[in-house]
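Please read the following briefing alongside the sequence and the three-dimensional model.

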Amino acid sequence: MSKDHNAQACVNNCDQCPALCCRYISVEIDTPVGDDDAADHIRWFLAHSVNVFFEDNGWYILVSNPCQYLNVNNRCSIYETRMNICRNFSNDNCEFLSKWEPDLLFKTVEEWDRYWAEQRNATERRGA
Ligand code: SF4
Ligand code: SF4
C-alpha cells in the first residue's frame, strides 16, 4: 500500500498507531489484463476472502491478518530477528496518516466479474 506523506511524522505517530503495517500482507500477482487465467486466479483469491487491489500499475492480493508476533502493546515481540520485509518497510508507505485508497479494490467475486465483463466489452468495442 502506498500513500505519500511526511515520513518523520509517521515515525512520531507509531506510538499512537495500532501497528497498521503489521496487520496485513500484500503480494504482487500477475496482471489480469488480457490474461483469462490470471483473471480466473483473482476469482479464486476472492472466493477465499482474499481481497485484490490495483495500485501504481501493479496488481496485488491483500490478506488482512495480524502478525502473530505483534504483542498486546502493538509492538514487535521479535524485533531483533524480525523478517527482512519488516526491516525494509519504508515509512514512506505508511498508511497511518494517509487513508489508503488503491486505484481499484475488489472484495467479492461478483465485484470482479462485473469489472472483468466491462473490460472485455470495452476491448471488443475497440475491436481488439
Ligand atoms: S503504520 Fe506507520 S505509524 Fe503505524 S506502526 Fe507502521 S510505520 Fe508506524
Ligand atoms: S515480525 Fe514484527 S515487525 Fe514484522 S510484521 Fe510481525 S510484529 Fe510487525
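In the hairpin formed by E2 and E3, where two residues lie between the strands, Asp-56 adopts a positive phi near 50 degrees. The model is a predicted one, in which local features need pLDDT of at least 70 and side-chain atom pairs count only at pLDDT 80 or more, while totals for chains, interfaces and linings use all residues. Residues are numbered from 1 along each chain as its sequence is written, and chains are lettered from A and ligands numbered from 1 in the order in which they are written.

**Strand pairing**

- Strands (E) are DSSP runs of at least two residues and helices (H or I) are runs of at least four, numbered from the N terminus, and two strands pair if DSSP finds at least two bridges between them.
- Strand E2 (residues 51-55) pairs with strand E3 (residues 58-63) in the antiparallel sense over five bridges; Glu-55 has Gly-58 as its bridge partner in E3, and Asn-51 stands opposite Leu-62.
- E3 also pairs in the antiparallel sense with strand E1 (residues 25-29), over five bridges, and here Val-27 stands opposite Ile-61 of E3.
- E2 is joined to strand E4 (residues 104-106) by three bridges, the two running antiparallel, with Val-52 opposite Phe-106 in E4.

**Helix H2**

- The 12 residues of helix H2 (residues 36-47) should span 16 Å at 1.5 Å a residue, and its end C-alpha atoms are 17 Å apart, which agrees; the expected span is 1.5 Å times one less than the number of residues.
- Just after H2, Ser-49 takes a positive phi of about 60 degrees.

**Ligand surroundings**

- A residue counts as near a ligand if its C-beta atom, placed from the backbone, lies within 6 Å of it.
- Ligand 1 is surrounded by 11 residues, the closest being Cys-14, Cys-17, Cys-21, Cys-94 and Phe-96, and its shell has eight nonpolar, two polar and one charged residues.
- Around ligand 2 lie Cys-22, Cys-67, Tyr-69, Leu-70, Cys-76, Ile-78, Arg-82, Met-83 and Cys-86, a shell with eight nonpolar, no polar and one charged residues.
- In these classes, Ala, Val, Leu, Ile, Met, Phe, Trp, Tyr, Cys and Pro count as nonpolar, Asp, Glu, Lys and Arg as charged, and the others, Gly among them, as polar.
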